[in-house]
Amino acid sequence: MRSADEAHGEGIVVRGLTKVFYTTVRRPGFAGAVRSLIAPQRAAKTVVRDVSFDVARGELLALLGPNGAGKSTTIKMLTGILTPTRGAVMVAGMNPHLDRKRNARNIGAVFGQRTQLWWDLPAKESFTILRSIYGVPAERHRARLAELDRLLELSEFWQTRVRHLSLGQRVRCDLAAALLHDPAIVFLDEPTIGMDVVVKEQVRGLLRHEVEQRGRAVLLTTHDMTEVERLAERVVLINHGRIVLDGTLEEVRREFGGTWRIRATIADSALSASSPSSQAVRARDLPSGLELLSQDRTELVFAPAAATGYTPAITVPEALRAVVDRYPIVGISIEETDLEDAMRAAYLRQGVATAEPEPETGPGQDAGQVVS
Amino acid sequence: MIEPNPRQPLALRAAWITPLGELLAPPRIAATAIRMVIQIFLVVYLWHGLYSHTSTNSGLDRGQAVTFAVLAVLITRIRGLDRFAGRDTVFQHLAYGTIVYWFLRPLAPRRYYVLRALGDQAYGFAWVVVGYAACLASGVIEPPASGTAAAACAASLLLGQAVLYELTLLTDLMCFWTMHNDSAVQMIQFAQNLLSGAYAPLWYFPAWFITMSSFLPFQSTLNTPLSLYIGRIPVRQAPGDLLFQTAWVVALALISRLLWGRASRRVAVQGG
């Protein structure tokens with residue numbers, strides 16, 4: 001991994017980023033409430049823990065993780081909204097929270113369904129206000145707006161007041177608003193949440209264009225794995241505030257889902273009291289190197305057991321042979337694992353592995369912050 | 001990176017946001033006009049009724065009382081814009097999480113807030129001018145006691161609006177800690193209306209009440225400028241009153257400046 005100095009002025013460089021929130025713990029009951037008032041008890045919660053990664057110009061990185069993993073908090077530190085407790089952040093060569101105003105010229109951001117447009121004004125009027133705020137020359141603004149209109153078909157509705165726009169129209173306008181001033185770095189926190197497939201595809205087209213043609217560094221958080229597959233070259237998987245994996249989608253599949261699964265249907269007659277599948281397939285009955293993902297009466301789904309490194313513990317022919325030998329099979333098929341399954345497995349496995357008891361007590365800094 | 005273009009009329013553009021929203025919603029303009037006419041009608045008949053058996057009360061004659069009350073109705077329009085419908089109050093921005101965008105632009109939130117407030121107040125002032133001209137022309141209100149009184153009233157009104165701006169800002173900044181400011185806004189609005197003379201000129205209240213309110217900033221916003229206008233406060237007292245108003249503006253501005261710094265370090269957004 002490069003040092004912060006080496007990557008200076010390029011994209012995003014994050015080293016050892018940590019965020020601890022301190023909150024007041026409310027004691028139960030009336031007496032507890034009074035005690036809390038007189039002697040408040042503070043609790044520390046580490047929401048982001050020693051996170052390091054880079055995003056180069058012309059690269060789209062997907063920051064993935066379950067709800068509450070620390071993704072949004074990480075983005076807020078990268079945009080300068082929150083101050084890190086520890087660690088270093090450089091965004092286009094600037095420390096975002098120390099130089100918030102200058103940093104603002106380099107970044108664009110969309111936070112889910114939260115709009116930065118003015119509710120009572122036509123969307124185009126919002127673009128004009130943002131042009132003034134960012135000091136974009138009129139000619140450049142016109143050209144940029146025309147380009148975004150071509151990609152997002154904004155002119156069909158940009159004279160409509162924002163309060164009357166559909167969700168898809170509004171998010172497209174918000175994306176345009178975030179990109180109008182030509183930022184080098186773009187943060188997108190679940191930008192396509194709640195949008196239909198047509199609009200999602202339009203937004204993906206825009207993002208591909210901005211990354212490949214404009215060379216922007218894009219950091220995207222999403223729960224939509226189709227989006228990740230279509231857009232991201234690299235993903236950072238985060239859970240309980242820690243980085244679990246920083247690699248390609250192929251690495252995610254190999255590490256957490258296996259690259260395949262076997263769906264086997266056993267004979268009804270096998271469901272007798274003496275059969276191992278009478279209630280549920282027990283761990284000790286499983287063929288070596290396989291784990292049982294699910295069982296729905298006679299249908300069993302197997303995947304290669306978790307192994308260290310990226311190589312599965314068992315090959316497909318070995319697994320097929322083992323399953324056929326062990327159970328009275330009436331039907332069998334092999335499936336490629338999709339990314340969503342791999343992510344689910346990753347969240348579950350890492351959730352168990354990294355969960356740690358909180359809280360620890362600490363100073364009163366940032367008390368009352370709402371944790372994302 | 002785009003360097004700022006100083007030729008862009010940023011101040012004007014930001015100040016114009018709320019007025020433009022109003023102008024694009026004709027029903028709101030009609031509602032404001034109707035409300036103002038009805039309020040003035042009621043106030044005029046109320047004060048004429050109250051003065052039907054007396055010519056002078058608490059140092060005010062009927063003409064002065066009616067003029068004070070009508071101008072109070074008009075001037076409360078200066079900050080009468082309701083940004084709630086436009087999801088544009090600080091409380092709403094914090095609740096919806098859109099406050100983050102204030103801190104992601106190359107325009108300090110404090111400056112943005114000032115520009116927006118100036119626009120709102122300028123728009124409200126346009127209503128006052130129209131209402132004042134109509135009321136003066138129709139003889140509903142009296143002209144200022146003198147030219148000097150008019151000048152003193154204008155200066156006092158300007159300072160009063162600055163006080164009102166700072167008070168509103170403080171209640172908005174409170175949201176960064178409490179997430180809600182409904183109760184604070186209601187209390188401030190009630191105190192403002194009562195202690196500024198919006199409900200009734202302070203001259204009708206007991207002496208202790210007048211003394212108490214003289215230590216608070218609220219009377220700066222209405223009672224002082226309007227009393228100068230109708231001549232209830234002699235012009236020779238104006239410098240002292242203007243100095244008092246200035247002191248409140250400075251004190252409140254220092255507090256709000258301190259709070260802005262702290263608020264920007266704790267931008268919390270509900271729901272992540």
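Start with the crossing of α4(A) and α6(A), which is right-handed; a crossing gets that name if the near helix is turned clockwise from the far one by less than a right angle, and is left-handed if anticlockwise. The model is predicted, local features need pLDDT of at least 70, side-chain atom pairs count only at pLDDT 80 or more, and totals for chains, interfaces and linings use all residues. For your selections, residues are numbered from 1 along each chain as its sequence is written, while chains are lettered from A and ligands numbered from 1 in the order in which they are written.

**Stop 1: two helices of chain A**

Select residues 123–134 of chain A for helix α4 and residues 167–179 of chain A for helix α6; the two pack at an angle of about 15°, with their axes 10 Å apart. Axes here are lines fitted to C-alpha atoms, for helices over the stretch in contact, and angles run from 0 to 180 degrees between N-to-C directions. That angle makes α4(A) roughly parallel to α6(A) (under 35 degrees counts as roughly parallel, over 145 as roughly antiparallel, 65 to 115 as roughly perpendicular and the rest as oblique).

Now show the side chains at the contact: A:Ala123, A:Ser126, A:Phe127 and A:Leu130 come from α4(A), and A:Cys173, A:Ala176 and A:Ala177 from α6(A). Two residues are in contact if their C-beta atoms, placed from the backbone, lie within 7 Å. By class, this contact of α4(A) with α6(A) has six nonpolar, one polar and no charged residues. Ala, Val, Leu, Ile, Met, Phe, Trp, Tyr, Cys and Pro count as nonpolar, Asp, Glu, Lys and Arg as charged, and the others, Gly among them, as polar.

**Stop 2: all of chain A**

Zoom out and you will find eleven helices and 13 strands in chain A; helices (H or I, at least four residues) and strands (E, at least two) are DSSP runs, numbered from the N terminus. Of the 372 residues of chain A, 44% count as buried. A residue is buried if 20 or more other C-beta atoms lie within 10 Å of its own, exposed if 12 or fewer, and partly exposed in between.

Next, pick A:His240, in the loop between β8 (234–239) and β9 (242–247) of chain A. Its phi is near 50°, a positive value in a residue other than glycine. A:His240 counts as buried, with 21 C-beta neighbours inside 10 Å.

**Stop 3: a helix pair in chain B**

Move to helix α3 (residues 26–50) and helix α4 (residues 62–75) of chain B, whose axes come within 9 Å and cross at roughly 155°. α3(B) and α4(B) are therefore roughly antiparallel to each other, and their crossing is right-handed. Among the contact residues are B:Trp47 and B:His48 of α3(B) and B:Arg62 and B:Val73 of α4(B). By class, the contact has nine nonpolar, two polar and one charged residues.

**Stop 4**

Select B:Ser58, in the loop between β1 (56–57) and β2 (60–61) of chain B. B:Ser58 has a positive phi of about 50° although it is not a glycine, and it counts as partly exposed, with 13 C-beta neighbours inside 10 Å.

Then go to B:Tyr96, in helix α5 (residues 90–96) of chain B. Leaving aside neighbours within four places in sequence, B:Tyr96 is in contact with A:Arg114 and B:Arg87.

Finally, colour by pLDDT, the predictor's confidence in each residue, from 0 to 100. Chain B averages 89, and 94% of the residues score at least 70. Over residues 1–6 of chain B the pLDDT is below 50.
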